[in-house]
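New page in the notebook today. I'll jot down what I look up, one item at a time.

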Amino acid sequence: MKKVFVKSYGCQANVYDAERMTDLLSGEGYSETATMEDADLVILNTCHIREKAAEKVYSELGRVRDLKIEREAQGQETKIIVAGCVAQAEGAEILRRAPSVDVVVGPQNYHHLPDLLQRSRMKAVVDTEFPIEDKFDHLPKPTRAQIVSRGVSAFLTIQEGCDKFCTFCVVPYTRGTEISRPVSRLVDEATRLAGAGVRELSLIGQNVNAYHGEGPDGTTWTLSRLLYRLAEVPGIARLRYTTSHPRDMDEALILTHGDLPALMPSLHLPVQSGSDRVLEAMNRKHTADEYRRIIARMRARQPGLAVSSDFIVGFPGETDADFDETMRLVADVGFAFSFSFKYSPRPGTPAAERGDQVPEAVKTERLARLQKLLETQRVAYNQGTVGQTLDVLIEKPGRLPGQMAGKSPYLQPVQFDTETLAVGEIATVRIIRAGGGSLFGELIKAGDKVAA
Ligand code: SAH
Ligand code: SF4
Ligand code: F3S
């Protein structure tokens, strides 16, 4: 059997896509390997979001090329595929910079992989046209064994692409226009996952709360309605969704938090900046106070809600006063954890053209200050759960023998001792200590078991 090695960069959409590509290629006689050196086929599933991420691909491609040459000397062939968002953004330019690449394929086209591989025997191929057909209709379903190997918490892509055009962001160009998958397909996929032991679904997409898929009744369903439907799938105990946009946080979804027990009390709602001036220049179309109000209303529904966010520092024209507004917003909201980045000018986006770019040293200094505050809040949030009794979904064995590891409702990793409980069970655990990355707890009560 031939072997495929996939390396993914970037967001969860790429993790999900990597799984679909391996499912597809297993039908073509490829088994998955975790070592690049063994692979007959290497796929780099790339991210274009920041310059560093995109440039990493070329250094990695240098390494893969050397491997290809070494294997060739031993009479073995290695095919190289560049997939994902750099593939979409740069297309044929990749072949020019890295001639050892055989196939360049965009995120909406990877269902064509078997055909592209075939065609690449003659010469390298590029497939980045946005196709008319839906790739999901052309992808094979994962086998039970494949699902089981990926664990009890699974991603489910419900929506793809983005129509928001934030002025800093490449996603609308790399992933294309916003498309929601129909409810019936999602229920089928969720049922299949649950049948193989999956207990938690994370609904993913670039803007999941803009979900507007076709319901079985022919009407358009919102994310709230979809969540209620997926909660009915036997075996599914927990639901999460990511990423959301503040503009699409509608009343029904806010009410679903607190009303639907399966919907976990965690929310990733990126705000990017606390300055109204910067938010406007970013084309976010909401103010910092509107964001504060959304969070306050949601916390009223689900006290303890773990709120996380993404931040960009050093957006063009960002002044010290603007940055102070971001620090003030962070202090007001209190985040469970966050991701923060220096603004990176991306080719083809409006913000990259601006003449008022912020100097690198200023970005570095602001990022350090922001990250210090966010880290203090993360530690405080975790510390705040010490003494609480939480449900933990067991995902894997813990670090030490006799330990299991899982996640709290608030998405915190938790370790605890148990000789009897297994992966997929939900245990009641009292948190006794917060470590650097994990919480440590003691088992209070075995949880529910679901026959899969
Ligand atoms: N769709 C999501 C996030 C997509 S990208 C949303 O709208 O929130 C993930 C994060 O990368 C963004 O939230 C943003 O914080 C960051 N990001 C995107 N473009 C960037 C750029 N040009 N420079 C720095 N960070 C960027
Ligand atoms: Fe990018 Fe904005 Fe769309 Fe998020 S909402 S993917 S940041 S354009
Ligand atoms: Fe990166 Fe594409 Fe995701 S640019 S963040 S992999 S949508």
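Is Tyr 343 buried or exposed? I looked it up, bearing in mind that this is a predicted model. Tyr 343 has a relative accessible area of 4%, and the cut-off for buried is under 20%, so I noted Tyr 343 down as buried.

**Entry: aromatic pairs**

I searched the whole structure for aromatic pairs and got seven. One of them joins Phe 315 and Tyr 343 edge-to-face, with 5.5 Å from centre to centre and 70 degrees between the planes. I checked where the two partners sit, and this pair links distant parts of the chain, 28 residues apart. Phe 315 is in the loop between strand S15 (306-313) and helix H13 (320-333). Tyr 343 is in the loop between strand S16 (337-342) and helix H14 (360-384). Phe 315 comes out at 0% relative accessibility, so I put Phe 315 down as buried too.

Next I looked at Phe 337 and Phe 339, which also form an edge-to-face pair. Their centres are 5.9 Å apart and their planes are 80 degrees apart. I have Phe 337 as partly exposed, at 27% relative accessibility. Phe 339 is partly exposed as well, at 42%.

Back to Phe 315 and Tyr 343: ring pairs link them with Phe 168 into a cluster.

**Entry: charges over rings**

I found Arg 50 lying over the face of Phe 341, 3.6 Å from the ring centre. I also found the charged end of Arg 181 over the ring of Phe 136, at 3.9 Å from its centre.

**Entry: helix H14**

I wanted to know how the length of H14 compares with what its residue count predicts. With 25 residues at 1.5 Å a residue, H14 should span 36 Å, and its end C-alpha atoms are 36 Å apart, so the two agree.

Then I asked which residues of H14 are buried. They include the leucines Leu 367, Leu 370 and Leu 374, but also Lys 363, Arg 366 and Gln 377. Tyr 381 and Asn 382 are on the buried list as well. What do these buried residues pack against? I got S15, H13 and S16, plus strand S20 (426-434) and strand S21 (439-445).

Notes: Residues are numbered from 1 along each chain as its sequence is written. Chains are lettered from A and ligands numbered from 1 in the order in which they are written. This is a predicted model: local features need pLDDT of at least 70, side-chain atom pairs count only at pLDDT 80 or more; totals for chains, interfaces and linings use all residues. Side-chain values use heavy atoms; hydrogens and water are left out. Rings of Phe, Tyr and Trp (its six-membered ring) pair if their centres lie within 6.5 Å; planes under 30 degrees apart count as stacked, over 60 as edge-to-face and the rest as tilted. Helices (H or I, at least four residues) and strands (E, at least two) are DSSP runs, numbered from the N terminus. Buried means under 20% relative accessible area, exposed over 50%, partly exposed in between (1.4 Å probe, protein chains only). A charge sits over a ring if NZ of Lys or CZ of Arg is within 6 Å of the ring centre and within 35 degrees of the ring normal. The expected span of a helix is 1.5 Å times one less than its number of residues. Contact means heavy atoms within 4.5 Å.
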